[in-house]
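Subject: Structure for you to look at

Dear colleague,

I am passing on a structure that you have not worked with before, and below it I have set out what was found. Please read the notes with the structure open beside them.

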Amino acid sequence: MSNVRNNIFRLETPDIEIAPAIREGYETLINGTGAGAEMRGWMNWPAQYLKSEEYARLKETAKKIIEEFKHTIVIGIGGSYLGAKSIIDAKLGTNFNEIYDVPGRSKVHFVASLSSKEWRNIGAIIGNDPFCIIYISKSGTTLEPGLALRYFYELHKTVHGAEPTVFAITDREHGTGRKLTNDHGWESFVIPDNIGGRYSVFTPVGLLPIAVAGIDTDILLKAAAEASELFMSTIDNPAVHYANWRYHQYINGYSVEFMNVNNPELRSFAEWWKQLFGESEGKSGQGLCPNSAVFSMDLHSLGQYLQQGLRKLVCETFFTWDDSIRITFPKSSLEDGLDYLAGRKLTEVNHAAMKGSFTAHSSIGDEPNPCCNIFCPAGIGSIAYAKQTFEYACAISSYAIEVNPFDQPGVEDYKNEVKQILFRNSANNS
Ligand code: PA5
């Protein structure tokens with residue numbers, strides 16, 4: 001078992017020599033010699049952005065939003081959504097909006113769907129309270145956020161008799177989003193041309209909603225910068241070892257990788273990871289198919305399949321984050337057979353569920369699944385470090401299987417098809 005440890009991230013994988021393709025993938029990424037090399041802006045970004053004037057303005061803007069608006073509607077999809085959502089959920093828990101009074105933060109409502117109920121309910125939750133909109137789209141042409149912007153913009157006019165305050169996060173100069181922003185004079189922040197959606201969590205795309213939720217973004221940028229510094233200086237780093245482990249499974253015939261997280265507040269972290277690897281690697285008939293499970297809940301459903309279903313299909317990454325909240329089991333007059341846990345912590349049980357399932361999935365049965373273990377200590381910095389690790393690992397492993405990590409031609413096809421259907425229908429209706 002090889003351990004790649006530092007104070008904010010621990011990766012445990014079986015000892016596997018670094019494959020020549022992974023070595024080449026690492027060099028291709030670091031030296032910028034591969035397809036899409038011009039989209040590697042995210043690698044140096046965290047350290048640079050920490051010192052920038054725009055970042056200082058972003059933090060001031062977040063403070064003003066918190067003071068003025070009880071609610072913030074964040075509109076975006078894919079890479080313009082999952083980074084922020086995953087950090088906010090991890091830090092605050094998925095049900096934090098239900099806490100009645102939340103000092104020091106605006107309640108952040110994400111709109112990333114075409115769900116009539118979800119849109120209606122967000123409107124109903126906000127009611128007559130003041131709200132602002134953060135509109136995030138690099139291109140400005142994506143249908144889902146475009147429609148949501150129009151809907152909530154008009155809803156604000158109906159409820160408050162005035163246009164809403166909109167903050168736009170879009171490209172610097174070319175896109176439709178930039179034109180809309182300039183035409184309306186909205187305060188805006190830039191998604192750099194050299195950073196694609198799924199690599200944009202540490203740009204304003206992720207940082208503004210996260211700061212509005214009252215989370216210290218300096219911690220995130222510093223952890224991501226620390227990760228980058230290490231990854232760019234040596235091949236002996238967790239991103240390479242993780243990429244190597246999953247590459248090894250792929251060439252040995254495994255088709256699916258499960259990311260098993262230890263808490264429901266990491267569900268969207270796993271969604272973010274799925275998007276990152278799915279959109280980056282899944283092309284030219286290649287790539288491990290990323291999937292996810294939330295433990296211990298899914299141990300009572302999918303866990304059975306993972307352990308005894310089709311063999312040589314799934315490899316698993318167990319991702320355990322110490323959530324830092326310590327709930328102690330009380331003594332109780334209930335005669336429930338759980339006295340042996342009185343005085344002990346819920347976190348201990350949570351971690352035992354991860355360790356027990358890791359052992360069961362990786363060593364019981366004729367053909368157990370290949371498994372690796374990632375452990376992140378408490379604090380949101382370790383989640384940021386993990387994100388930067390996965391971004392590097394993803395780019396390296398994409399290059400190892402000779403695909404461009406930074407484009408998404410399939411998604412573009414889907415976007416075009418939907419537009420054609422809607423145009424056809426409107427022509428038929430007129
Ligand atoms: O990773 C990506 O590039 C995509 O998932 C995009 O983020 C997503 O399609 C949204 O695009 P846009 O920000 O242009 O609205």
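Predicted model: local features only at pLDDT ≥ 70, side-chain atom pairs only at ≥ 80, totals over all residues.

Helix H5, which covers residues 116-126, packs with helix H6, which covers residues 143-160, at an angle of about 30°, and their axes lie 12 Å apart. H5 and H6 are therefore roughly parallel to each other, and their crossing is right-handed. On the H5 side the contact is made by Trp119, Ile122 and Gly123, which meet Leu147, Ala148, Tyr151, Phe152 and Leu155 of H6. Sorted by class, the residues in this contact between H5 and H6 comprise seven nonpolar ones and one polar one, with no charged residues.

Turning to the chain as a whole, the assignment divides it into domain 1, made up of 2-33 + 234-406, and domain 2, which spans 41-219. The centres of domain 1 and domain 2, taken over C-alpha atoms, are separated by 29 Å, and the contact draws 27 residues from domain 1 and 20 residues from domain 2. Between them, domain 1 and domain 2 bury about 2100 Å², with 65% of that area on carbon and sulfur atoms. Within the area that domain 1 buries against domain 2, Gln275, Ile380 and Glu391 supply 27%, which is more than any other three residues.

Definitions and conventions
Residues numbered from 1 in each chain as written. Heavy atoms only, no water. Axes fitted to C-alpha atoms, helices over the stretch in contact; angles between N-to-C directions. Helix = DSSP H or I, 4+ residues; strand = E, 2+ residues; numbered from the N terminus. Parallel < 35°, antiparallel > 145°, perpendicular 65-115°, else oblique. Left-handed = near helix turned anticlockwise from the far one by under 90°. Contact = heavy atoms within 4.5 Å. Nonpolar A, V, L, I, M, F, W, Y, C, P; charged D, E, K, R; others polar. Domains from an automatic or database assignment. Buried area = accessible area lost by both parts, 1.4 Å probe.
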